[in-house]
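Trainee: Could you go through this model with me? I'd like to see what holds the pieces together.

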Amino acid sequence: MPQRIIKWPAGVIKWIDQRFPLTSFVKHELTGYPTPRNLSYWWNFGFLAGFVLVLQVATGIFLAMHYKADIALSFDSIQHIMRDVNYGWLLRYMHSTGASAFFLVIYIHMARTLYYGSYRAPRELLWWTGQGLLLLLMATAFMGYLLPWGQMSFWGATVITNLFRATPFVGDQVVIWLRGDYTVGDATLTRFFALHYLMPFLIIGAVVVHLVALHSVKSSNPSGINLADKDNIPFHPYFTAKDFYGLGVFLIVYSVFVFFMPDSLIEPANNIPANPMQTPNHIVPEWYFLPFYAILRSVPNMVGGVVAMGLSVMVFAFMPYLDRSRIPGGAHFRPMYRVLFYVFLADMAVLGYVGYIPPTETSILAGQIATLIYFTLFLQLPFVSKAEERWLIKRGLPPELEALIASEAHEKTKRGKR
Amino acid sequence: MKRLLTILALCGIASLLHASEMELEKVTVGTDVQTVGRGAEAVMNDCHSCHSMKYIRYRDLVNFGMDRQKVDGWRGDLSLDAPLLAQMPESDAAQAYGKAPPDLSLMTKAREGGVRYVYSYLLGYYLTPEGMPGNHYFPETKMPDVLGISGVTEGAQRTELQGKARDIVSFLAWSADPHEQERHRLGYYVIAYLLVLTVLLYLVKNQVWSGLK
Ligand code: HEM
């Protein structure tokens with residue numbers, strides 16, 4: 001009897017491997033991918049971001065089966081999902097909570113990168129693809145927020161599309177082009193729905209690019225120096241185990257929101273159907289846009305405000321050039337940078353709060369000061385980081401770090417000789 | 001430390017800003033069929049003439065466990081699948097009161113303060129020294145004092161109206177979120193499951209990492 005029967009699964013895999021690099025790909029990029037053993041739990045958030053992305057796509061597709069993108073029907077169709085569709089309330093609350101979870105995870109992921117200086121060479125491209133992902137995520141969330149067609153949906157979209165009036169020469173035309181009409185209306189809703197469906201798939205593509213970049217430069221680590229081979233361990237089983245434990249913790253927090261306080265993330269005004277004739281007393285964006293919204297409102301002139309807001313999001317892209325220090329290990333071994341990092345977080349919190357409350361004289365002033373601090377933090381960085389580097393080198397690096405650099409160098413030469 | 005100070009400073013600002021607003025009355029809604037059923041009855045008698053509850057059908061009331069006879073009485077010749085529309089056409093009501101009475105089916109989720117706001121608003125009517133009606137929580141409201149709280153001076157009668165208002169908001173809270181009970185029940189199971197799973201995953205992770213030299 002000739003060997004015609006293909007044994008499952010080994011035979012099948014062998015059959016595929018002769019035609020497609022399946023095993024070597026899995027081994028190289030997934031299970032065997034060398035990962036620094038000293039990664040802390042702050043390194044769990046990239047995986048969590050990927051998980052939330054899948055969650056959003058999965059719940060989103062099922063919501064789209066029952067949702068109607070028509071200004072006369074969309075508000076009612078959401079209520080239909082919440083009340084009549086089997087577990088429709090679960091789908092919708094998972095999706096609305098998932099958007100917040102996505103931003104939370106991404107902001108922590110970015111804060112990790114800022115703290116440890118992982119945006120520096122050779123990870124600039126990785127950081128920039130991340131910046132692109134952030135913009136895509138913001139656009140997706142903004143468009144998704146219009147879909148329930150509540151008061152905040154309508155007025156938020158009106159305010160934000162209106163900002164494009166700041167475009168030189170063709171501002172008015174650009175606004176009409178974006179909305180598909182003179183005001184936010186049915187044309188806007190249908191196109192936002194189409195784009196809200198499309199963008200997550202662009203995000204998936206961008207995540208692939210992000211990961212290709214990651215796998216070519218490898219993960220950074222809390223020490224900030226490239227570790228010798230012996231300190232890199234295969235991704236599986238070590239980091240799969242760690243990531244799944246982190247996922248469990250994440251899901252507990254997420255479920256508390258989904259099952260017990262889902263409405264804390266939905267503005268009450270968004271449970272009132274959109275009414276173009278009646279402006280809500282106070283238009284607030286979702287919490288994840290608040291700091292940038294505060295910056296927008298802090299500049300008295302509209303064009304200035306739009307430019308400041310755009311810069312406040314895009315300024316992260318300049319980090320590889322703004323931070324001129326070569327001291328490894330990010331904020332951990334850099335006292336000045338560490339202080340600046342915490343000032344930055346505090347400043348974000350102040351901006352977020354200012355963006356949330358109705359503007360008063362004091363809050364506007366607070367917002368302006370916080371905006372000034374925000375940009376100053378970035379603009380002074382080239383000088384402070386250089387000065388800090390000189391000071392650290394003159395004073396001598398912390399003994400811990402010196403020892404680590406020496407031992408890792410020793411490991412590497414030992415390897416090299418062999 | 002710096003962060004702590006900022007948070008403290010922010011809390012200080014926040015409390016100053018909110019001090020000027022009228023404190024909402026506290027109320028805990030009932031979720032049992034009796035309370036919600038009494039609330040439904042009060043709404044059908046006192047609010048239904050002006051307000052619709054278009055996301056609720058008569059059948060939903062029956063399915064929730066309310067008395068079939070009563071529901072049949074409310075709906076008259078309407079189908080069980082008919083939504084609870086207002087008795088007065090919206091345009092007439094808008095004419096009469098200067099403003100269309102809003103749909104109530106999502107009301108407790110559509111106002112800052114939720115259930116507590118609606119409860120306070122219903123009981124917030126008073127008579128000015130000139131004998132004009134006013135409302136503490138929504139001074140310019142066009143809705144008349146439907147519960148008649150503003151004329152009440154007796155303690156016992158006041159308590160009775162508070163009970164009625166509580167029934168009403170219990171019903172409104174149910175209609176705004178009919179799956180809340182189910183959601184909480186499922187939530188306990190999901191979170192209990194996740195807690196066990198996470199502990200196991202933690203142990204697995206430790207087990208895996210302990211093999212590392
Ligand atoms: C859809 C959104 C995103 C996904 C799914 C994602 C996914 C990942 C994953 C899986 C890693 C592996 C390392 C880790 O687990 O930390 C990673 C690393 C990284 N990400 Fe993202 N990311 C996203 C958005 C962003 C954003 C918005 C930025 C910053 C602008 C960013 C910057 C980085 C950088 C610099 C690294 C390398 C960090 C290091 O290894 O030290 N990512 N990302």
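Trainee: Which side chain of chain A meets B:Arg57 in a salt bridge?

Mentor: This is a predicted model, so side-chain atom pairs count only at pLDDT 80 or more, local features need at least 70, and totals for chains, interfaces and linings use all residues. Residues are numbered from 1 along each chain as its sequence is written, chains are lettered from A and ligands numbered from 1 in the order written, and side-chain values use heavy atoms, leaving out hydrogens and water. A salt bridge needs a side-chain nitrogen of Lys or Arg within 4 Å of a carboxyl oxygen of Asp or Glu. At 2.9 Å, N to O, the partner of B:Arg57 is A:Asp84.

Trainee: How many salt bridges cross the interface of chain B and chain A, and how much area is buried there?

Mentor: Here 40 residues of chain B are in contact with 42 residues of chain A, contact being heavy atoms within 4.5 Å. B:Tyr55, B:Arg183 and B:Trp209 supply 17% of the area chain B buries against chain A, more than any other three residues. Buried area is the accessible area (1.4 Å probe) that two parts lose on being put together, summed over both. The rule finds two salt bridges across this interface, and the buried area, 68% of it from carbon and sulfur atoms, is about 3,800 Å².

Trainee: What about inside chain A: how many salt bridges cross the interface of domain 1 and domain 2?

Mentor: The domain assignment (automatic or from a database) gives domain 1 as 42–283 and domain 2 as 286–418 in chain A. Their contact takes 40 residues from domain 1 and 44 residues from domain 2. About 3,600 Å² is buried between them, with 67% from carbon and sulfur atoms. For salt bridges across that interface, the count is zero.

Trainee: And what arrangement do the six donor atoms make around the iron atom of the ligand?

Mentor: Donors are N, O and S atoms within 2.8 Å of the metal (3.2 Å for Na, K and Ca), and with water not among the atoms, sites may look incomplete. A:His109 and A:His210 each coordinate the iron through NE2, at 2.1 to 2.3 Å. Six donors count as octahedral if opposite donors are over 155 degrees apart and all others between 65 and 115. The angles here are 79 to 179°, so the arrangement is octahedral.

Trainee: Is A:His109 buried or exposed?

Mentor: Buried means under 20% relative accessible area, exposed over 50%, partly exposed in between (1.4 Å probe, protein chains only). A:His210, at 16%, counts as buried. A:His109 has 17% relative accessibility, so its class is buried.

How values were computed. Tetrahedral: all angles 85-135°; square planar, octahedral: opposite > 155°, others 65-115°.
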